[in-house]
Amino acid sequence: MEVQILCTKLIKPSAPTPPHRRTLKLSPVDRIQYSIKPASLFYYSADSSTGTEEIERRIYRLETSLSETVTRFYPLAGRYIKDGNWVDCNDEGVEFFVAKVKGCRLSQLLSRRNEMIDQLVHLAGGGFTSSVASVQMNMFECGGLVIGVRVSHHLFDAFSAANFLTSWASTAISRQAGIDEDHEALVWPTFGLTSFLQANDLPEIKPTPPLMGTDNSETKRIVFDGAKISALRAISHDPSFPRKPSRVEVVTALIWRARMGVSRAKHGRLRTSLASHSINLRPRIVPPLSPLSCGNLQSRVTTRFVPDGEVEELPELKDLVGLLMDSFTKSKETFVTREDAFPTLLQKRNELHEATEKGEVDVYMFTSWCRFPFYEVDFGWGKPVWLSRTHSAYEAATLLDTEDGDGIEAWVSFNKQDMPLFLQDRDVLAFSSH
């Protein structure tokens with residue numbers, strides 16, 4: 001697969017950012033994020049109307065609707081000032097690449113998804129440029145399209161990214177229909193969390209651990225279809241549980257258990273381990289924030305497993321599911337005030353880093369995008385037939401919905417030395433494909 005960049009431009013807001021919004025101070029939690037721009041790729045099938053004129057119309061629609069959308073999401077058109085921990089909302093623009101893909105039809109890529117993981121990064125330009133956000137529109141010779149989107153993690157978490165993408169798609173649909181959006185009726189996102197969440201006593205911020213590096217890491221796509229997940233939920237359920245386990249809980253437990261097996265093989269014993277899931281803190285803040293509050297407001301739900309004395313057998317899957325269910329249930333019942341939001345986030349982060357630094361506890365990171373509206377991102381030519389990530393140097397498992405909404409794709413990024421043993425785990429082999 002060869003990706004040729006045809007043109008690059010900067011998409012500026014359709015209206016200038018007012019002077020009082022030109023400087024965005026980042027929150028303490030924004031500042032400590034890795035300086036990366038995670039990529040999301042949206043795949044759209046070819047149709048009979050995808051000729052040259054239609055492609056030109058689609059490019060124009062994407063550009064104009066993006067220009068209108070970044071008027072509302074104005075920091076995305078700015079530039080991140082690292083030393084000052086702020087964003088210069090100077091309307092310089094979002095990077096926009098148009099590319100042609102040769103030597104591969106979209107249908108061929110979709111039929112070889114697992115083999116193509118290392119090449120997908122070429123469909124998401126702007127990974128190492130100075131822009132806060134970038135978009136790459138990839139045109140396949142068959143008429144298929146892939147739209148790659150990157151946004152700096154210093155500005156957005158996954159919840160914020162979903163708001164931006166659905167807003168952009170909605171604007172594109174309005175443009176296609178010739179409808180002028182009522183700016184008075186639009187719900188505008190809010191930025192500047194530091195003005196809403198005042199905190200007087202922040203804990204000391206521990207240094208962020210280094211990334212694995214692309215040479216030491218490997219990313220695999222592990223697919224659990226709906227039928228396999230139903231089977232997993234059945235064998236993982238216990239009559240003592242207050243409810244049936246969720247898809248995310250059983251898949252997390254399976255991956256956690258498999259990672260325990262890798263650790264046992266490396267260290268010669270079963271070690272204490274933590275499974276830490278990111279959660280959206282917005283619904284748990286009182287008084288509540290706007291549902292369109294942008295920034296990093298993801299807390300962690302951490303579940304601990306401690307081996308029982310000299311027992312070296314891996315725990316039963318349902319035992320881990322029970323621990324996870326208990327942690328998730330407690331997190332849903334826990335609320336924080338606005339004043340405590342940042343201290344709570346930082347304290348949970350510090351606890352994880354301290355556990356990692358001691359070296360005697362294994363820490364496994366998880367993020368779930370399940371039920372996020374990414375498969376609803378329709379720019380006017382239909383919903384995406386697939387959503388993907390790219391290779392990551394961050395050691396974690398990201399859970400995404402499958403196209404039908406019943407299964408889960410786990411994008412796992414681990415140390416290259418650990419990956420082969422993980423993939424040979426009994427349950428990974430029995431309940432997934434990769």
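User: Which residues of α9 are buried?
Analyst: This is a predicted model. Helix α9 covers residues 338-358. A residue counts as buried when its relative accessible area is under 20%. In α9 the buried residues are Ala341, Phe342, Pro343, Leu345, Leu346, Arg349, Asn350, Leu352, His353 and Ala355.

User: How far does α9 reach from its first C-alpha to its last?
Analyst: The helix has 21 residues. At 1.5 Å a residue, 30 Å is expected. The model comes close to that, with a reach of 32 Å.

User: Which residue follows α9, and what is its phi?
Analyst: Most residues other than glycine have a negative phi. The residue after α9 is a glycine, Gly359. Its phi is positive, near 80°.

User: Where is Asp91, and is it buried or exposed?
Analyst: Asp91 sits in the loop between β5 (86-88) and β6 (94-102). Its phi is positive, near 60°, although Asp91 is not a glycine. The cut-off for buried is under 20% relative accessible area. Asp91 has 12% relative accessibility, so it counts as buried.

User: Is Arg371 buried or exposed?
Analyst: Arg371 is another residue other than glycine with a positive phi, near 70°. Its place is the loop between β14 (362-368) and β15 (386-388). Exposed means over 50% relative accessible area. Arg371 has 60%, so it is exposed.

User: Which residues is Arg371 in contact with, leaving aside its neighbours within four places in sequence?
Analyst: Take Asp401 to begin with. Arg371 and Asp401 are 30 residues apart in sequence. In space their C-alpha atoms are 7.0 Å apart. With the neighbours within four places left aside, the contacts of Arg371 are Arg247, Asp401 and Gly405.

User: How many disulfides does the count come to?
Analyst: A disulfide needs two cysteine sulfur atoms within 2.5 Å. The sulfur of Cys7 has its closest cysteine sulfur in Cys142, 19 Å away, so it is too far for a bond. Cys294 is in no disulfide either, as the nearest cysteine sulfur, that of Cys89, is 12 Å away. The count comes to zero.

User: What is the relative accessibility of Cys294?
Analyst: Compare Cys7, which is partly exposed, with a relative accessible area of 30%. Cys294 counts as buried. Its relative accessibility is 3%.

User: Which element gives the most to the lining of the second largest pocket?
Analyst: The pocket holds about 550 Å³ of space. Its lining has 19 residues, with Val248, Ile279, Phe328, Ser368 and Cys370 nearest the centre. At least two lining residues come from each of α7 (247-267), β10 (273-280) and α8 (317-332). With four residues, the element that gives the most is β10.

User: How many nonpolar, polar and charged residues does that lining have?
Analyst: Sort the lining of the second largest pocket by class. Six residues are nonpolar. The others are seven polar and six charged.

Definitions and conventions:
Residues numbered from 1 in each chain as written. Predicted model: local features only at pLDDT ≥ 70, side-chain atom pairs only at ≥ 80, totals over all residues. Heavy atoms only, no water. 1 Å grid on protein atoms, 1.4 Å probe; cavity = no way out; pocket = protein on both sides within 12 Å on 5 of 7 lines; lining within 4 Å. Points joined across faces, edges and corners; volume = space filled by probe spheres on them. Nonpolar A, V, L, I, M, F, W, Y, C, P; charged D, E, K, R; others polar. Expected span 1.5 Å × (residues − 1). Buried < 20%, exposed > 50% of the residue type's maximum accessible area, 1.4 Å probe, protein only. Contact = heavy atoms within 4.5 Å.
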